Amino acid sequence: MPGSELFGAEEQKEVNDVMGTGILFRYNHDAQRNNIWKAREFEAEVKKVTGAKYAHAVSSGSTAVSTALAAAGIGAGDEVIVPPFTYAASVEAVLFVGAKPVFAEIDETLCLSAAGIKKVLTPKTKGICLVHMCGGMANMDEIMPIVKEHNLVLVEDAGQAFGSSYKGTSVGLFGKTGCYSFDFFKIATAGEGGVLVTDDEVAYKLADSYSDHGHDHVGNNRGMEQHPIIGFNYRISELHAAIGKVQTARVPDVIRRNNKNKKLLSELLSKTEGISFATIPDPDGDSATFLNMLLPDTAAAKAVVDEFNKAGVTGFNYWFINMYHFINQWDHIKQLKTASKLAVEVLGAPQDYNNLELPKSQEVIGRLISFGIRCTWTEEEVRSLAKNIAACVEKVLVPVN
Ligand SMILES: *Cc1c(COP(=O)(O)O)cnc(C)c1O
């Protein structure tokens, strides 16, 4: 699954271009840089893969989400609906722009559900930070009417879903702004990096300024121009962008290979009684970085993971393995523990975070076991993995005695 699976000469060449000039900064130094602009080229590749009108690279997926929220107009005191199943960064980003997270239920898509969103809507709801999880996507046909009807600001955290689409549109392009992560574990990596996308020129310009101390980057000489807004430093370096560029160009091919392996693996596993799969609202748009298997209940999933550990099969249940993706492992967030003080503490929390009722999310995550799909697997490796998985599941669900 990760971009780090395919890594070599092309990455070295791109990095060497930058090393040859010594210009590691994405702006200025026109004379010395020998026309090498890796951040711009990285952004161009992201636009090619996604079809976005604007793309802006930043230092991480996390800073991309912060920037996306701010550029979409979300700030202090705004209530933003978030899922309880995501990498914690989505919730941290909401907190760090001064907004108030409101947790809503996910469903078998592993993403926020329309029913879950409707249940927590209040007149104070300003937006949704919709997270497309595990390489798949949320059910946009059900979610978009709610966004429109209630005039909400939609920001998509597609940190795990770069290259995924829903009915022909890339995830990240349904809302005002969207973002992708290029950390070491994602389908394409820059080492560290993130990219924000939007079709909205105003949001793009705000994002561009926000992520570089408010500079407007008009003209050639960064530093001497205007500062329309207050910003901060979320810039990407040319070295990271150089790697991100190569890795991004490779994504369509990686997705094809992932899908081939995932299809075979799921076909083989569907023969085993008791195994079903998470819902993918548009299977044709799946980046296929994960196969998400659902067991009949939480106890069965735990017992199967125990069997996996004995058999050396790498499958994880987010409930029992501390991967920091489900709210049951977020005591520090629920208790709002920080080094200082968050806006939500001063302004008042919209929910009692320590006593949230999210039975549907618990049920789904408790039953879920995910496998990272590797694009480099051979057919033999997929068949052997399927056999090992099925054997572990059968041991639990059909006890021999
Ligand atoms: C990885 C991830 C992030 C954070 O990205 P970084 O590049 O590691 O900062 C944010 N949201 C989701 C859903 C992610 O999976």
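Helices (H or I, at least four residues) and strands (E, at least two) are DSSP runs, numbered from the N terminus. Keep that in mind as we walk through this model, which is predicted: local features need pLDDT of at least 70, side-chain atom pairs count only at pLDDT 80 or more, and totals for chains, interfaces and linings use all residues. Residues are numbered from 1 along each chain as its sequence is written, and side-chain values use heavy atoms, with hydrogens and water left out.

**The seven-stranded sheet**

Let's start with an open sheet of seven strands, in the order β1-β9-β8-β5-β4-β2-β3 and with mixed pairing. Two strands count as paired if DSSP finds at least two bridges between them. β1 (54-58) and β3 (100-103) sit at the edges with a single partner strand each, so one side of each has no neighbour in the sheet. From one strand to the next, the twist averages 25 degrees. At the β3 end, strand β2 (residues 79-82) pairs with β3 in the parallel sense over four bridges. There, V82 has F103 of β3 as its bridge partner.

Helix α3 (residues 61-71) lies across β1, β4 (125-131), β5 (153-157), β8 (177-181) and β9 (194-198), and it runs at about 175 degrees to β8. Such angles run from 0 to 180 degrees between N-to-C directions, with axes being lines fitted to C-alpha atoms, for helices over the stretch in contact. Contact here means heavy atoms within 4.5 Å.

**Around the ligand**

Which residues come nearest to the ligand? Of the 14 residues around it, they are G61, S62, D157, D183 and K186; a residue is near a molecule if one of its heavy atoms lies within 4 Å of it. The shell divides into three nonpolar, eight polar and three charged residues. In that grouping, Ala, Val, Leu, Ile, Met, Phe, Trp, Tyr, Cys and Pro count as nonpolar, Asp, Glu, Lys and Arg as charged, and the others, Gly among them, as polar. Helices α3 and α4 (89-96) each supply at least two residues of the shell.

Here are some distances to an oxygen atom of the ligand.

| Residue | Atom on the protein side | Distance |
|---|---|---|
| G61 | polar backbone atom | 2.7 Å |
| S62 | polar side-chain atom | 2.5 Å |
| K186 | N or O atom in the side chain | 3.2 Å |

Taken alone, the ligand exposes 390 Å², and the protein buries 93% of that. Those accessible areas come from the Shrake-Rupley method with a 1.4 Å probe.

**The three-stranded sheet**

Another open sheet has three strands in the order β10-β11-β12, with antiparallel pairing. β10 (276-277) and β12 (368-372) are its edges, each with a single partner strand, so one side of each is left without a neighbour in the sheet. Two bridges join β10 to strand β11 (residues 290-294), and the bridge partner of F277 in β11 is M293. Helix α9 (residues 298-311) lies across β11 and β12, running at about 35 degrees to β12.

**A look at D107**

D107 sits in the loop between β3 and α5 (114-120). D107 and T279 are 172 residues apart in sequence but 8.7 Å apart in space, C-alpha to C-alpha. Leaving aside neighbours within four places in sequence, D107 is in contact with S113, K360 and V364.

Notes. A polar contact is a pair of N or O atoms within 3.5 Å; within protein, one must be able to donate a hydrogen and the other to accept it, and residues adjacent in sequence count only if both atoms are side-chain atoms.
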